[in-house]
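Dear colleague,

Please read the notes with the sequence and the model side by side.

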Amino acid sequence: MYTRCPSCRAEIKFDAPQNLEALPEGYKHRIKCPSCGVTIAVHLDQPVTTVSTPTYEVKPGADTEVQLEVTDKPVEKAATKKPGTLRNLIIFFISLAFVALHVVGYLVEKGTIKTSAAWLQTSIYFSGITGFEFLIKGFDSFKAMFNEDAVAMIVTYVIPMFVFVIAGVNVIVALISAFGGKYGRAYNVVSGVIVGGGGILTMFLPYLVPYLMYDVKSPIVDYLKSLVDGTAGALILAAAALGLVMIILVLIFIKSLENKPVVVKSEETATDAAE
């Protein structure tokens with residue numbers, strides 16, 4: 001028969017007593033490890049094979065008796081939690097892209113970035129910064145226009161301003177969370193839907209702004225065709241696609257990072273230890 005010393009992990013071969021069948025139930029056969037001298041008490045109720053190391057320290061050569069018991073009871077491993085670094089980095093870069101769009105849109109509208117490219121000129125519809133500048137520098141005009149047509153002002157200015165703020169907060173929160181390894185599912189679902197939804201809504205702003213602000217009416221089908229047919233709508237379509245991706249990802253990321261406990265059937269387990 002074989003067992004393994006819990007102190008030095010040496011495999012020990014020993015012979016069972018000849019009168020094994022006549023021994024009382026629960027009899028413990030004592031053997032001494034030839035390597036380190038530890039005395040081991042082994043149950044002989046069933047075949048003994050390999051025994052895992054107990055969670056205590058035994059000094060080699062000490063006259064220590066260790067009781068070992070073979071069991072086939074399942075052992076449940078503790079649940080582990082994966083870090084949320086990758087999720088946070090994904091949210092960080094998507095949110096940063098939307099912040100960059102708002103900055104570029106503001107610079108294009110102010111003339112700091114001079115361009116004749118139609119696709120880049122559409123970035124002005126992402127400029128939540130313009131809304132804040134209008135609110136701060138011309139509060140009375142902003143208030144008067146809001147009172148006159150609240151829907152138009154909300155779509156044209158308030159929503160881009162709100163999306164810009166949430167995207168900026170997302171950048172900061174995601175970066176801090178990435179270093180901490182924790183991912184806030186509830187917050188990211190709400191903020192991701194807002195930022196992603198804002199990106200999708202922006203696709204319709206070139207149609208809605210003239211309609212709401214200046215009562216310029218045209219078939220929406222023609223507008224959507226113009227986005228697809230030419231290059232002018234490339235940036236708007238890309239932002240809408242990015243917004244949709246963000247919404248999908250934050251919904252996927254609702255899944256918990258915690259691994260489920262795994263039940264493993266252990267053939268040999270060291271259960272009791274005594275000095």
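A residue is called buried when its relative accessible area is under 20% and exposed when that value is over 50%, with partly exposed covering the range in between. Please keep in mind that this is a predicted model.

By the rule applied here, the model holds two salt bridges, and they join Lys110, Glu133 and Lys137 into a network.

In one of the pairs, the side chains of Lys110 and Glu133 meet with an N to O distance of 3.5 Å. Lys110 has a relative accessibility of 46%, so it counts as partly exposed, whereas Glu133, with a relative accessible area of 18%, is buried.

Glu133 also forms a salt bridge with Lys137, where the closest N and O atoms are 3.3 Å apart. Here both residues sit in helix H3, and the four residues that separate Glu133 and Lys137 in position correspond to about one turn of the helix. Lys137 is exposed, its relative accessible area being 67%.

Conventions: Residues numbered from 1 in each chain as written. Predicted model: local features only at pLDDT ≥ 70, side-chain atom pairs only at ≥ 80, totals over all residues. Heavy atoms only, no water. Salt bridge = Lys/Arg side-chain N within 4 Å of Asp/Glu carboxyl O. Buried < 20%, exposed > 50% of the residue type's maximum accessible area, 1.4 Å probe, protein only. Helix = DSSP H or I, 4+ residues; strand = E, 2+ residues; numbered from the N terminus.
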